[in-house]
Amino acid sequence: MSLVALNPNAHKALKINPQQVPHVGANAHLIPVVVSEFQKLVVNYPIVFTKHADTGQFVCSALTGFSEGENLFWQEGRWQALYIPAQIERHPFFVGQDTDAQGNAKPVICFDDASPAIADTDGDALFNDDGTPTSLLNEKQQLLAQLLDGEQQTQQFIDALLSHSLITPIKLAVTFADGSEHTVQGLFTIDEEKLSQLSAEAITSLHAGQWLGAIYTLIASTAQIYALIDRKNQRIEHGNAWFS
């Protein structure tokens with residue numbers, strides 16, 4: 001990956017091929033998400049907690065497969081879901097930092113110039129003839145802003161849950177249609193029993209932080225695990241049909 005700060009003068013001819021963007025998540029079984037996405041994610045994905053490999057801190061993720069490298073929403077060369085997580089849709093753009101004349105750090109939009117979504121000819125323009133952003137670039141900027149703000153909000157959400165000891169491991173052992181068994185490790189969810197036993201004061205605190213909606217949406221999303229199992233079974237059956 002090679003990040004370059006986006007400049008309307010230097011990159012006025014730059015284009016994006018939107019069909020190449022979802023390829024980023026083709027082999028991702030866990031995708032980081034933020035609280036502001038929960039209402040859209042719940043339509044398709046189980047939302048879980050995982051631990052960051054380096055820091056050990058909890059992060060929110062959409063579960064898209066049962067094994068590393070498996071995305072059951074990636075089929076026939078495209079993403080098949082009603083909603084694609086913002087962490088995927090914002091590609092090939094990232095938020096970087098630049099320093100102004102006074103030495104103050106400021107965020108800048110960067111792009112991965114090695115991304116297959118970058119094009120000089122075929123694709124959608126990022127800048128109008130007058131150098132202003134096109135609707136496509138505005139959408140990408142909004143996604144980056146959502147993620148930037150969302151990371152802080154999501155950490156506050158996790159901190160609120162931890163303060164009440166509401167995060168618990170998931171025991172996820174699945175038997176698929178072909179009889180194979182698989183146990184998924186390292187996933188966490190909200191402890192519904194502890195949630196039901198919280199004091200009125202604790203519930204009031206979570207309500208004041210506007211976390212109750214996110215809590216119940218995350219809990220509801222766990223039902224999507226059954227839909228994910230069905231996707232896996234369909235893939236197994238398709239594979240068996242191929243060799244029969």
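A pocket, as the word is used here, is an open set of grid points with protein on both sides within 12 Å along at least five of seven lines, and its lining residues are those that have an atom within 4 Å of a point. In this predicted model, the largest pocket draws the largest share of its lining, 8 residues, from helix α3.

**The largest pocket**

- The volume of the largest pocket comes to about 370 Å³, and of the 21 residues that line this pocket, P32, V34, Q87, L147 and E151 are the closest to its centre.
- Two or more lining residues are given by each of the elements β5 (58-63), β8 (93-99) and α3 (135-163), with α3 supplying the largest share.
- When the lining is sorted by class, 12 residues are nonpolar, 7 are polar and 2 are charged.

**Strand β5 and its partners**

- Strand β5, which is among the elements that give two or more residues to the pocket lining, is itself mostly covered, since 5 of its 6 residues are buried.
- Strand β3 (residues 30-32) pairs with β5 in the antiparallel sense over 3 bridges, and within this pairing I31 has A62 of β5 as its bridge partner.
- Strand β4 (residues 47-51) also runs antiparallel to β5, to which it is joined by 5 bridges, and here I47 has A62 of β5 as its bridge partner.

**Helix α6 and residue T189**

- Helix α6 (residues 212-221) is mostly covered, with 7 of its 10 residues buried; these are L212, A214, I215, T217, L218, I219 and S221.
- T189 is found in strand β15 (residues 188-190), and this residue counts as buried because its relative accessibility is 13%, where the cut-off for buried is under 20%.
- Leaving aside residues up to four places away in sequence, T189 touches F49, L166, I167, T168, I170, L218 and T222.
- One of these contacts of T189, L218, is also among the buried residues of α6.

Conventions. Residues are numbered from 1 along each chain as its sequence is written. This is a predicted model: local features need pLDDT of at least 70, side-chain atom pairs count only at pLDDT 80 or more; totals for chains, interfaces and linings use all residues. Side-chain values use heavy atoms; hydrogens and water are left out. On a 1 Å grid over the protein atoms alone, a cavity is a set of points where a 1.4 Å probe fits but cannot get out, and a pocket is an open set with protein on both sides within 12 Å along at least five of seven lines; lining residues have an atom within 4 Å of a point. Grid points are joined across faces, edges and corners, and a volume is the space filled by probe spheres set on the points. Helices (H or I, at least four residues) and strands (E, at least two) are DSSP runs, numbered from the N terminus. Ala, Val, Leu, Ile, Met, Phe, Trp, Tyr, Cys and Pro count as nonpolar, Asp, Glu, Lys and Arg as charged, and the others, Gly among them, as polar. Buried means under 20% relative accessible area, exposed over 50%, partly exposed in between (1.4 Å probe, protein chains only). Contact means heavy atoms within 4.5 Å. Two strands pair if DSSP finds at least two bridges between them.
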